[in-house]
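Here is a short note to read beside the model. Keep the view open and find each residue as it comes up.

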There are 2 protein chains.
Amino acid sequence: MSDLSQDRGLLLGDGLFETVLWREGELVLFDRHVDRLARSCMALGLPKPEAHRLETAARDAVTRAGIEGRAAVRLTWTAGGSGRGLDRPEVIAPALIAKASSVAAAGAPVRLTTVSVRRNEGSPASRLKTLAYLDNVLARAEARAAGTDDGLMLNNAGMIACAAAANLFWFEGERLLTPALACGVLDGVMRGVIIDAATGAGIAVEEVAAPRARLAAASGLFLTNSLVGIAPVASLDGVTLPSNAGVERLVGISRWSW
Amino acid sequence: MSDLSQDRGLLLGDGLFETVLWREGELVLFDRHVDRLARSCMALGLPKPEAHRLETAARDAVTRAGIEGRAAVRLTWTAGGSGRGLDRPEVIAPALIAKASSVAAAGAPVRLTTVSVRRNEGSPASRLKTLAYLDNVLARAEARAAGTDDGLMLNNAGMIACAAAANLFWFEGERLLTPALACGVLDGVMRGVIIDAATGAGIAVEEVAAPRARLAAASGLFLTNSLVGIAPVASLDGVTLPSNAGVERLVGISRWSW
């Protein structure tokens, strides 16, 4: 492996990652992860990895870790080494790092806290799964300090964006809503799966710019990410949230349960 | 050294750095760098390194690199290893990385381009020199693509913030202005030196939230960072900027020239 102490991934957060669920001997939704990583590389101006190289690295990581059950496979793709400073070198030689870790199926519904750290809607990086993930770390820490599981992040305009490690959906009556990517929202793989599944089942999905107050009229608030699928939100800022039958329906349609 | 492939610095941008000028056998403004790193560790909830450990690492790096003249010494301080995910471990064991690179004294006045990537004024990280520096990388790349040297970054409210690798000052008549830290501005070491020097010399310094249009009335726009000191801006978005005698006066007062 190249010298990671001088890799732009470490020095500048210049790189990307994917977290893929391994379940029953399968890399779940792997094509979607490969596709997102390729699109993200294009957005950042990085060379993209070949799908078969990613798959080999991921499977090797699971084998190396000796994991029997469910695993999270993290694939890290950096901008490689370069000289000092912000400018990338003429030839970019990314490092690929794969690591598998055991994960349990997600448990109880989550408790959310609205945190002070905002999403940067004014950067393309806010829509990508980049190595510059410190704001997410800070948002999570703030939620933990409040005794809850994850942080609800707003953007600088006060619009709802996402959780520190998940996308967010809710129902208003029969309609399903989720913050638009333009709000500084990670373009999540599971977010895409849910939008596709709901649309296919005739549930209208709206991608919105909505202020925090909009959630007062919401029911069935839930989070999505690649590891847990759909996870209902039990409470937001200490207030118990109403459920919505649409969430169970979506779990059935999308085959994703928490 | 610990396994950097699983260090939170690489995986999540969870960590900090300092870039210190080495000149004539001396780590320039070293106490200010140590102090900023300590304050930044406190802001992020990281343990702080001891000053003598930083100094030893920095001097060793210069020796190792065999540099005779001017050098940039980069000190990287990570949040260390942890399990999967955003949550930090109970005990944080940071990695310290030191690297010295030759640098020339800065040359010609810089050309700036206003870039599309915004500063995240809604995150404390925007005021710190963190490993999550990808927005700065993108801002610089945008400026290079426009054939210029660095990017002028606004925040999400459209207020002037800083350049990708420097702070920004300008004159309005006799008054010296610089964007307030609350605008999402890096709390630069040289920024602090210049404010102190100007104030000490009776030049009024105002820290402001100012829209891009405010620069139409500016003269003597200049950049500051620890490596170049003061660097005048020759042009902004292709428009040649008026100079101001105050800049030369500041160079004299602060003993920082480009």
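1. **Area between the chains.** Buried area is the accessible area, taken with a 1.4 Å probe, that two parts lose on being put together, summed over both. For chain B and chain A it comes to about 3,900 Å². Of this, 63% lies on carbon and sulfur atoms.

2. **How to read the values.** This is a predicted model, in which local features need pLDDT of at least 70 and side-chain atom pairs count only at pLDDT 80 or more, while totals for chains, interfaces and linings use all residues. Residues are numbered from 1 along each chain as its sequence is written, chains are lettered from A and ligands numbered from 1 in the order in which they are written, and side-chain values use heavy atoms, with hydrogens and water left out.

3. **Who takes part.** Contact means heavy atoms within 4.5 Å. Chain B gives 50 residues to the contact, and chain A gives 51 residues.

4. **Polar links across the interface.** A polar contact is a pair of N or O atoms within 3.5 Å; within protein, one must be able to donate a hydrogen and the other to accept it, and residues adjacent in sequence count only if both atoms are side-chain atoms. The rule finds 24 residue pairs in polar contact between chain B and chain A, both residues at pLDDT 80 or more. On chain B, the elements that give two or more residues to the side touching chain A are H1, strand E1 (15-23), strand E3 (71-78), strand E4 (96-102) and helix H4 (134-145). H4(B) has the largest share, seven residues. (Helices are DSSP runs of H or I with at least four residues, strands are E runs with at least two, and both are numbered from the N terminus.)

5. **Salt bridges between the chains.** A salt bridge is a side-chain nitrogen of Lys or Arg within 4 Å of a carboxyl oxygen of Asp or Glu. Chain B and chain A share four salt bridges. One pair is A:Arg144 and B:Asp87, with the closest N and O atoms 2.7 Å apart. Over all chains, the structure holds 32 salt bridges.

6. **Helix H4 of chain A.** This helix covers residues 134-145, 12 residues in total. From first C-alpha to last it reaches 16 Å, close to the 16 Å expected at 1.5 Å a residue. (The expected span is 1.5 Å times one less than the number of residues.) Buried residues of H4(A) include A:Leu134, A:Val137, A:Leu138 and A:Arg140. (Buried means under 20% relative accessible area, exposed over 50%, partly exposed in between, with a 1.4 Å probe and protein chains only.) The buried residues pack against strands E5 (110-114) and E6 (150-154) of chain A, and against helices H1 (8-12) and H2 (30-44) of chain B. After H4(A) comes A:Gly147, with a positive phi near 80°.

7. **A buried pair in chain A.** Where do the partners of the salt bridge between A:Arg8 and A:Asp14 sit, buried or exposed? Their closest N and O atoms are 2.9 Å apart. A:Arg8 is buried at 1% relative accessible area, and A:Asp14 is buried at 0%.

8. B:Asp14 forms a salt bridge with B:Arg88, with the closest N and O atoms 2.8 Å apart. The two are 74 residues apart: B:Asp14 lies in the loop between H1 and E1, and B:Arg88 in the loop between E3 and E4. B:Asp14 is buried at 0%, while B:Arg88 is partly exposed at 24%.
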